[in-house]
Protein chains: 2
Amino acid sequence: MTSPRGTLLQGTLDLLVLKTLTWGPRHGYAIARWLEDTTGDALQIEEGSLYPALYRMERRGWIEAEWGTSEIGQRIKVYSLTRTGRAQLKAESAQWRHFTSAVAKVMESRA
Amino acid sequence: MTSPRGTLLQGTLDLLVLKTLTWGPRHGYAIARWLEDTTGDALQIEEGSLYPALYRMERRGWIEAEWGTSEIGQRIKVYSLTRTGRAQLKAESAQWRHFTSAVAKVMESRA
DNA sequence: GCGCGTACAAAGACATTCTAGGTACGACTG
DNA sequence: CAGTCGTACCTAGAATGTCTTTGTACGCGC
């Protein structure tokens, strides 16, 4: 009961995707692979979370999409970071650091 | 738009509350105050999040409640950690460390 | 022909947090 | 003594985001 499933913390996916795109444009599937590789499979990026997230971020102007073709001839949707997205990444990074440091204070507290 | 409101990351509240109760039984309001004090107001614990969370955790057997009276004569509901709760805390701490280290790998990545 | 890996998408379930409102009571203040 | 503030608890409903499941499409290898 109460499955300890690999749940991503709400809001973190955006941060991760934005950060990934600082290394250049990538399509959705590649973003997921890169994140899983980089974290040594510690994070599992579910497609059912990723694609809605990408759509959301595009709608908000943080990323831009363009259709293209992969090396093996597959049709792919390539995303790249916008100026707004860069600002958003900066803001979310700061928030993340702020938040984790607050949690750390609690977890490391002694009496 | 897209208010950067002090949103707690989903799932973290449980961890914070469980950790707080390792310092001994406390009532809801006091838990919130302690967390805010400890983090220097970096975290704001909303009552509308806290009380449902306490109820949830009680239902799951992680914490136990008992009615009591505060020093100033107010009726208070005092929560304490159960054995199950201690195990849960241990599990969630490990998950938290695991997760944040994965995010850190991404954030600190270079090309 | 079938399965597998790549690649995208959408619907609905599910969990959790937040907003906003409410109750109650004691203490202090004008 | 009415009003406000701080303590203390509670609930309903909105909002958000992730996950599960299912579907499409296509190329490759067996």
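1. Helix 3 of chain A gives the largest share of the surface near DNA strand D, with six residues. Helices (H or I, at least four residues) and strands (E, at least two) are DSSP runs, numbered from the N terminus.

2. A word on the basis: this is a predicted model, in which local features need pLDDT of at least 70 and side-chain atom pairs count only at pLDDT 80 or more, while totals for chains, interfaces and linings use all residues. Residues are numbered from 1 along each chain as its sequence is written, and chains are lettered from A and ligands numbered from 1 in the order in which they are written.

3. Two or more residues each come from helix 1 (12–21) and helix 3 (47–59) of chain A, and from helix 2 (28–38), helix 3 (47–59) and strand 3 (75–81) of chain B. By class, this surface holds 10 nonpolar, 13 polar and six charged residues. Ala, Val, Leu, Ile, Met, Phe, Trp, Tyr, Cys and Pro count as nonpolar, Asp, Glu, Lys and Arg as charged, and the others, Gly among them, as polar.

4. How do the two protein chains relate?

5. Now the interface: 29 residues of chain A are in contact (C-beta atoms, placed from the backbone, within 7 Å) with 28 residues of chain B. Helix 4 of chain A gives the most to its side, with 11 residues. That side divides into 14 nonpolar, 12 polar and three charged residues. The copies meet through the same surface, because 97% of the interface residues of chain A are also interface residues in chain B.

6. Finally, the sheet. Chain B has an open sheet of three strands in the order 1-3-2, with antiparallel pairing; strands pair if DSSP finds at least two bridges between them. Strand 1 (26–27) and strand 2 (63–69) of chain B stand at the edges, each with a single partner strand, so one side of each is left without a neighbour in the sheet. Strands 2 and 3 of chain B pair over seven bridges, and W67(B) has K77(B), in strand 3, as its bridge partner.

Technical notes: Contact = placed C-beta atoms within 7 Å.
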